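Subject: Handing over the structure

Hello,

Here is the structure you will be working with. Please look through it first, then read my notes below.

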Amino acid sequence: MTDTFEPKITAFVCNWCTYAGADLTGTSRIKYPSNVRVLRLPCTGRIDFMLLAKAFARGADGIIISGCHPNDCHYTSGNYHARRRWMVYRNLMDFMGIDTARITFSWVSAAEGAKWAELVSEVTTKLRAMGPYTEYQELALAGVE
Amino acid sequence: MDVNEKAKQLLEAGTVQAVAGFQTGTRGVRRPVFIRRAEDTGRLVFDPGCRHNLAQYATRTPVKRLGRLALTLRPSGIRALLQLMAERQIQEPDVLALAVDPDGQVTELATAEAMEAHLALTADPVPADDQALLDRLDRMTRAERWGFWQNELSRCIKCYACRSSCPMCYCGQCTMDCNRPQWVPPPSHGLGNLEYHMVRAMHLAGRCVRCGDCGRACPVGIPIHLLTFHTEAAVQAQFGQRAGASAKLDYALSTFRPDDQETFIR
Amino acid sequence: MANLYQLSSTSLDALFAALLDDGRRILAPTDRDGHSELNPVQTPADVARDCLQTTLSAKGAVFPKVEQLLGYSLAPGQVQLADPERRAEPTVLFGIRPCEAAGFQALDAVFNWGTRDAFFNARMASLAVIGMSCTRSDEACFCTSVGGGPGATRGSDILLTPTAGGYLAEVLSDRGRAIQALAPELFSPAPADADQAVLLAQVPVAFDQPALTAQLPALFDSPLWEEQALRCVGCGACAFVCPTCVCFDIQEEGDKQGGRRLRTWDACGFSQFTLHASGHNPRPTQAARWRQRVYHKFSIYPDRYGQLGCVGCGKCTRACPVDMNLREHLLQASQAQAQAQAQAQR
């Protein structure tokens with residue numbers, strides 16, 4: 001059964017860097033797994049930590065978050081705020097027992113089409129081995145009489 | 001001077017209109033009391049059983065209407081006042097901190113500066129049993145921690161005693177009560193409990209003054225304060241910023257350094 | 001007494017086994033990590049010893065903290081309704097106190113007022129109560145002030161009273177007799193001189209409740225309520241642990257694939273409880289909300305349902321983060337009118 005498991009990956013990416021970079025991956029005709037569903041936001045600074053929790057609650061087996069490299073944010077400092085937020089939230093998630101190995105954070109610029117493909121491929125392979133995030137999905141159904 | 005004498009002095013002189021302190025209640029528990037008349041100050045007590053962070057009342061309208069408020073406080077209460085000042089929720093002239101030392105002697109702290117100086121001289125470590133539990137959690141595997149929190153959080157009934165007891169949860173309309181959109185589900189089911197406590201811990205990251213009131217308030221005994229204690233310690237370790245250190249805002253999640261160090265971003 | 005029997009401690013094992021064999025779930029007070037909770041048990045050994053009361057009340061057996069009312073799934077052009085099985089598992093509540101047992105009547109008054117609540121009724125129909133009299137009480141208890149008592153029988157199908165070597169057992173209803181019939185050999189006639197009263201806790205009456213109920217309309221504008229509510233933090237702990245509190249919220253959860261409608265506990269202490277869509281809140285202060293709590297239980301309930309909305313269990317007092325002792329507050333309220341009159345005379 002695990003041979004047929006294909007992880008569902010939700011990717012939250014910023015419009016100016018990673019989204020453009022992913023676009024470049026396509027125009028460069030680089031192949032990468034189609035497990036990823038890309039959600040475009042103006043900036044990683046806009047990523048509410050709860051979006052990650054909601055993604056897991058809705059059945060994502062893994063999450064990718066990606067934006068502009070530090071110092072290259074289209075809005076100057078959005079990614080710095082995001083980085084801070086992720087440092088705190090990732091720590092909290094791990095403390096509460098959420099599987100942070102299923103979440104990958106990265107900086108992918110508009111020119112890094114190859115990096116995006118590599119990232120998604122690696123994450124997909126890793127998640128395929130880890131299996132579905134049933135623990136969290138069961139929680140989404142628990143506690144109702 | 002002990003709390004009773006100090007309260008009497010302050011009320012008689014009209015320095016304050018009310019003293020927020022503790023009195024003995026049911027089965028010997030200590031509970032908050034608001035003394036307005038000098039002749040009632042005999043009711044006040046301050047001992048290791050007095051744990052509530054009375055600073056949470058400094059932002060409540062019925063208490064503010066009493067006038068200038070003196071509060072008998074532990075170090076966490078003084079930290080709370082400073083943090084509330086930093087967040088512009090209270091003003092220095094409206095409150096008078098009464099720091100009570102282990103001998104029961106009271107020190108008046110009328111200014112933010114005085115409060116900061118006092119805190120700098122006061123050791124206030126995390127209580128030993130809390131630290132022991134935090135250490136135990138740190139030693140667990142991720143899966144064990146999930147099991148621990150799911151076991152604890154399954155008891156949560158969403159009474160919001162934790163939120164209501166927290167001095168830093170002063171929002172008139174908490175974002176989690178907003179129903180357009182209903183971002184966090186109110187029901188006390190698996191997801192509703194997890195998301196609520198997760199949001200609360202994040203909203204307190206860098207703001208928690210470590211009074212532990214949330215954990216004590218919980219009627220079903222969930223050690224919920226460990227979430228905020230842990231997050232506060234993480235913020236301090238990672239960014240060097242602490243809640244309640246000063247009346248000047250230094251909030252970790254609205255500031256950044258270009259060279260913030262992390263190990264997990266590719 | 002015709003319905004008074006005795007049960008030995010050791011025969012409880014056989015009684016539990018008979019109940020389980022009969023397909024019933026047994027919920028009893030248990031010790032879980034130092035907390036007293038009602039949980040399913042298999043044997044009397046699982047039942048907590050020395051538990052005065054559980055933190056949460058037994059109402060969860062018939063009015064759960066989260067309950068699904070309906071579910072649905074969506075596909076293009078169709079909606080499929082899933083009427084959940086009314087999950088009324090045959091259940092016996094064992095070892096709950098007379099005060100908690102009395103609470104079911106107050107729940108019934110609301111859940112069967114006008115519309116009959118199918119979910120509550122299904123669970124009540126499958127429920128039997130084996131209560132346990134109190135041999136001790138604490139400062140939060142005031143059952144005797146509200147028409148109850150440590151050995152009161154209202155709401156129990158069988159009431160046990162601990163005695164030397166076992167229990168006195170009063171079999172009080174058809175459901176109680178049905179349980180007795182599962183293992184009649186365990187119930188031997190009680191000795192003729194069996195005196196239940198002497199075994200019970202002493203719970204002095206704290207205040208004159210009928211007098212208080214009569215005074216409440218005149219006390220509506222008293223400054224007393226604001227004074228009492230000063231330390232109240234506005235959480236829902238008191239309402240949620242209370243055996244008679246019945247307010248609930250209905251939540252819709254759904255997305256493009258389907259959803260469910262849930263019923264959850266709600267509390268009048270919450271600041272937004274009476275917030276209107278217009279933005280107006282008829283109970284804008286904690287004082288108004290605290291006053292409403294007292295009035296609902298001691299004035300509105302008697303008017304509307306002919307019974308009190310409080311059983312004097314004291315759970316609210318024990319659960320409250322700031323020790324809002326209901327008995328104390330009620331005693332103060334019952335003295336308020338007399339005090340005000342004495343003041344006026346001076």
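The radius of gyration is taken over C-alpha atoms, and the rule for a globule is 2.2 Å times the number of residues to the power 0.38. For the 145 residues of chain A, a compact globule would have a radius of gyration near 15 Å, and chain A agrees because its value is 15 Å. The C-alpha trace of chain A spans about 50 × 35 × 20 Å along its principal axes.

This is a predicted model, in which local features need pLDDT of at least 70 and side-chain atom pairs count only at pLDDT 80 or more, while totals for chains, interfaces and linings use all residues. Residues are numbered from 1 along each chain as its sequence is written, and chains are lettered from A and ligands numbered from 1 in the order in which they are written.

Confidence

The model scores ipTM 0.95 and pTM 0.95. The pLDDT (the predictor's confidence in each residue, from 0 to 100) averages 94 in chain C, where 98% of the residues score at least 70. Within chain C, confidence is highest in helix α7 (residues 237-241), at 98, and lowest in helix α10 (residues 326-345), at a mean of 85.

Chain A

Helices (H or I, at least four residues) and strands (E, at least two) are DSSP runs, numbered from the N terminus. Chain A has five helices and four strands, in the order β-α-β-α-β-α-β-α-α from the N terminus on.

Two strands pair if DSSP finds at least two bridges between them. In chain A, four strands form an open sheet with parallel pairing, in the order β2-β1-β3-β4. β2 (36-41) and β4 (103-107) of chain A are at the edges with a single partner strand each, so one side of each has no neighbour in the sheet. The twist from one strand to the next averages 20°. Strand β3 (residues 62-67) of chain A runs parallel to β4(A) and is joined to it by five bridges; A:Ile65 stands opposite A:Phe105 in β4(A).

Chain B

An automatic or database domain assignment sets the domain bounds. In chain B, domain 1 is 3-120 and domain 2 is 128-254. Their C-alpha centres lie 25 Å apart. The contact (C-beta atoms, placed from the backbone, within 7 Å) takes 19 residues from domain 1 of chain B and 17 residues from domain 2 of chain B. On the domain 1 side, α3 (75-86) and α4 (112-120) of chain B each supply at least two residues. α3(B) gives the most to that side, with nine residues.

Regards

Notes. Two residues are in contact if their C-beta atoms, placed from the backbone, lie within 7 Å. Axes are lines fitted to C-alpha atoms, for helices over the stretch in contact, and angles run from 0 to 180 degrees between N-to-C directions.
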